[in-house]
Amino acid sequence: MKLLLLLSTLSSGGAERVMTLLANHWVAEGHSVTLVTTYGRYVEPAFALSPEVTLRALDGGPGERTHGRLRRLLALRRIMLDGDFDGAISFLSNVNVAAILARIGLSIPLVVSERTYPPAYPLTPTFECARRGLYRFADVVVMQTDDGARWLAEQLPSARGFVIPNPVIWPIPEARPVVLPSAIVPPGRRLLLSAGRLSPEKRFDLLLEAFARAGDVTRDWHLVIAGEGPSRALLEGEAKRLGIADRVSMPGQIGNMAVWFGQAEAFALTSSFEGYPNALLEAVVSGVPVAAIDCLTGVRNLVARGVNGVLAPRDTDATRFAAALCMLLGKAWPGAASAAIDAREQHAIARIADQWLSCLRGVPA
């Protein structure tokens, strides 16, 4: 197939990671893939993209914001007209709206996808109105979870919904930067791992406080939070305030996460909302037991209480998450290995990629 993939940028987000995985898989399978970023000029992709993928960037050019958007919309329509594509896939609400508008009057099949749970991440009134009015003109609207599909059925009943979770590649491939656990975790310490953008919605401040409150249970553990973001200084200050700075490390972006999951004895996720958490998925397929807050959404799809970890209620505070950590760190989790095998099968990149192509062909698998 000749595929057109659309999203706003190729920065270090979950949507960008998933689209990169799909693009790489499809070109390896012999499909032709053009990936278009719809916002701003070209920037270097955060995730390794196959050189077989044709990468293009829309640029609205100089002028006021509205005119720039119109130029990008017309440029996108021109790509659709000239490309002779067998189908297009769009990620993220604003890109989805643009893709639907650009496709007016064209026969190219179009699948759009929400990458967060919409109630947890409200749009501006203008974009919300556009989403409600336009999504019925997409051939399929892909949600990541059953919760998302229920929202779609209730709020946009004229849209045709389908559920596709995030894919995973197993074994997890290595990328740059390479950071060795031995350079970060002191000898004799056990590794509690977390990962994500250092930003408020990940609630790493709650994780730090819970880790401190867990007291003697965490005394021999070292907490590593992989990722980068605007909350770094605040979190480093919080670790010092709590007196745990010597047992917490934030080494930034880590490309060789497979090595870290191989050494980690536990994983924690404290987000206030997720679409379908990639870091948690990789922890689960690696057989690492987890403690996670049952946020909106995706977490309950991956964590089975008492099998591969602890699932804390959505309104959990630091005290209650400390109790969850104590439960996680204080026992063995033999069920994590079998849960990992199941998750690898359910989220295998070949399986997930085929589901996307089936949506384009009009026969969801």
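Helices here are DSSP runs of H or I with at least four residues, strands are E runs of at least two, and both are numbered from the N terminus. The model is predicted, so local features need pLDDT of at least 70 and side-chain atom pairs count only at pLDDT 80 or more, while totals for chains, interfaces and linings use all residues. Residues are numbered from 1 along each chain as its sequence is written, and side-chain values use heavy atoms, with hydrogens and water left out.

First stop, Arg232. Arg232 sits in helix H7, residues 232-241. Is Arg232 buried or exposed? Its relative accessible area is 18%, so Arg232 is buried. The cut-offs are these: buried is under 20% relative accessible area, exposed is over 50%, and partly exposed is in between, using a 1.4 Å probe and protein chains only. Which residues does Arg232 touch? Set aside neighbours within four places in sequence, and the contacts (heavy atoms within 4.5 Å) are Leu198, Gly227, Met250, Pro251 and Gly252.

Next, two helices. The axes of H3 and H4 (residues 125-134) come within 10 Å and cross at roughly 50°. So H3 is oblique to H4. Axes are lines fitted to C-alpha atoms, for helices over the stretch in contact, and angles run from 0 to 180 degrees between N-to-C directions. Under 35 degrees is roughly parallel, over 145 roughly antiparallel, 65 to 115 roughly perpendicular, and the rest oblique. Who meets whom? From H3 come Ser93, Asn94, Val97, Ile100 and Leu101; from H4, Phe127, Ala130, Arg131 and Leu134. Those contact residues divide into six nonpolar, two polar and one charged. Here Ala, Val, Leu, Ile, Met, Phe, Trp, Tyr, Cys and Pro count as nonpolar, Asp, Glu, Lys and Arg as charged, and the others, Gly among them, as polar.

Now the backbone. Most residues other than glycine have a negative phi, and most peptide bonds are trans. Take Leu92. Its phi is positive, near 85°. Leu92 lies in the loop between S4 and helix H3 (93-102). With a relative accessible area of 22%, Leu92 is partly exposed. Asp84 also has a positive phi, about 55°. Asp84 is in the loop between helix H2 (65-83) and strand S4 (87-91). At 63% relative accessibility, Asp84 is exposed.

Last, the cis bonds. One joins Trp170 and Pro171, with omega about -5°. Another runs from Arg176 to Pro177, with omega near 0°. Where is Pro171? In the loop between strand S7 (161-163) and strand S8 (190-195). Pro177 is found in the loop between S7 and S8 too.
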